[in-house]
Amino acid sequence: MTIEAERYGSRADTFVFLGCLALSITAMSVPDSWRRPFSQALRQTVLAPFLTLQEETETLKSSKAHVEAVTSQRDSAMLAATFLPELRSENARLRTLLGLGARLQTGYVPAEVLHESVPTDPLTFLVSAGKRDGVKALDAVVSPEGLVGVVSAVDEKTSVVATWAHPEFRAAAMAADGSVYGIVAPHGSEGPGIWMLELQGVPYRSVVPESTLIVSSGLGGVIPRGIPLGTVVGQGVDNEHWERTYLIRPAVHPASVTHVMIITGATAGGGNLRDLFQAEAKSP
Amino acid sequence: MRRTDKYRFWFVLAGLVLLHFSVRTKLGDERVAPDFLLLAVLMYTIRAAPGPSSAAGFLVGIIRDAMSPASFGANALAHTLVGYLSSWAKAVFFAENLFVNGCIFFGGTWIRNLIVALASGELKGAPLAWQLLGWSTLQSLFTALAGVLVLLVLGRWLSVRFTDA
């Protein structure tokens with residue numbers, strides 16, 4: 001072949017064209033048993049490097065897709081893992097609640113706390129049990145750790161619970177050993193103190209050591225006797241009229257509760273539930 | 001014309017062949033992705049005499065047939081005809097014109113697909129019409145665009161002409 005030649009369509013060109021045409025038609029008409037070995041030979045020789053290149057490209061393409069899929073799965077797993085501690089915590093809480101239920105045997109209604117998705121009053125919450133479940137106003141609401149609050153209003157299917165942090169909450173209380181009696185009320189109406197309780201009306205001569213467990217005394221018949229309210233963490237500053245006030249760390253924080261039990265009647269503990277909750281308090 | 005220009009020409013053709021087996025699968029649907037192998041054949045045939053063009057078309061076609069044994073020979077026939085016709089077409093419309101080259105790329109691809117479809121006999125009726133008017137037209141268009149792009153970028157390297165003495 002030379003460059004820049006001008007002669008086109010010589011007889012030789014026609015012969016080559018017709019020859020190629022004839023070979024093509026022959027290739028189309030040969031039996032399958034001839035085609036396969038020929039194709040195989042071409043694939044294993046001339047085409048081999050190109051097919052390898054194509055294969056590598058396909059592998060690269062699928063690898064990229066695979067990496068993207070794995071990354072997506074990893075992201076989903078990480079997102080799911082962020083909820084894992086909360087799920088474990090809830091699982092543990094439900095187990096302890098089941099344990100408490102087994103000990104109470106009767107006279108209670110389990111309920112789920114219906115958390116609101118919008119900002120609302122943090123001192124009350126809604127639970128998924130109401131009048132048709134036997135819930136009445138002023139029924140005690142407990143969790144495995146202790147008293148959460150009391151039912152303040154009852155609907156057909158739901159109830160409003162006023163937690164112990166509510167300004168109107170009061171509970172007749174006593175030291176776990178029965179040495180001291182008083183009234184438990186919220187420590188403050190605003191600021192961090194709102195999440196603490198205080199034991200009021202303790203005679204001046206009575207000294208309550210720190211870490212003393214304070215439980216409900218059952219006086220007044222609203223809250224059953226023996227439900228843990230909290231532990232003493234120190235003496236209050238307002239000591240007047242010959243009485244002492246003690247600061248109490250609550251047994252249960254309302255924000256940590258997802259399921260509760262509403263005490264609606266006589267339970268297995270009879271008049272004193274202290275033993276049931278004490279066993280619970282020892283578990284982690 | 002320098003001697004090295006001819007090597008550059010072959011270098012470009014080799015590049016197109018490599019593109020066909022590497023990049024093509026990443027360019028979307030296989031039915032519409034540009035056919036770089038046919039483009040390489042057409043790049044050669046529009047610069048060569050009809051005889052060598054037919055032979056080049058036949059060789060590329062028979063190699064493609066090896067990858068699709070079900071319609072063995074159809075590609076060889078189609079590429080032979082397209083190679084021969086494109087060589088003649090360039091002789092008839094002789095001009096180093098980008099548009100003419102683009103039309104040859106488009107027409108060559110479409111005619112190749114038509115002959116393969118008819119010779120293999122795998123498609124009939126509506127699927128055949130859809131293949132020729134839809135997919136084949138799109139593939140021809142993209143192949144022509146790719147060819148024009150190659151000519152725009154590497155046109156100087158491809159300005160050689162091979163014919164029988």
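Me: Is A:Leu138 buried, partly exposed or exposed, and why?
Reply: A:Leu138 is partly exposed, because 13 C-beta neighbours lie inside 10 Å. A residue is buried with 20 or more other C-beta atoms within 10 Å of its own, exposed with 12 or fewer, and partly exposed in between, with C-beta atoms placed from the backbone.

Me: What kind of model is this?
Reply: This is a predicted model, in which local features need pLDDT of at least 70, side-chain atom pairs count only at pLDDT 80 or more, and totals for chains, interfaces and linings use all residues. Residues are numbered from 1 along each chain as its sequence is written, while chains are lettered from A and ligands numbered from 1 in the order in which they are written.

Me: Back to A:Leu138. Where does it lie?
Reply: A:Leu138 is in the loop between β3 (124-127) and β4 (140-143) of chain A. Strands here are DSSP runs of E, at least two residues, and helices are runs of H or I, at least four, both numbered from the N terminus. Phi of A:Leu138 is near 75°, a positive value in a residue other than glycine.

Me: Which other residue has a positive phi although it is not a glycine?
Reply: A:Ser211, at about 70°. A:Ser211 sits in the loop between β9 (197-203) and β10 (213-216) of chain A. With 9 C-beta neighbours inside 10 Å, A:Ser211 counts as exposed.

Me: New topic. How many helices and strands are in chain A?
Reply: Chain A has five helices and 13 strands. Of its 284 residues, 29% count as buried.

Me: How are strands β2 and β13 arranged in chain A?
Reply: Strand β2 (residues 108-114) and strand β13 (residues 259-263) of chain A pair in the antiparallel sense over five bridges. Strands pair if DSSP finds at least two bridges between them. A:Glu112 stands opposite A:His259 in β13(A).

Me: What do they belong to?
Reply: A closed barrel of six strands, β2-β3-β6-β5-β4-β13 (chain A), with antiparallel pairing.

Me: Last one, chain B. How many residues of α2 are buried?
Reply: Ten of the ten residues of helix α2 (residues 36-45) of chain B are buried. Among them are B:Phe36, B:Met43 and B:Tyr44.
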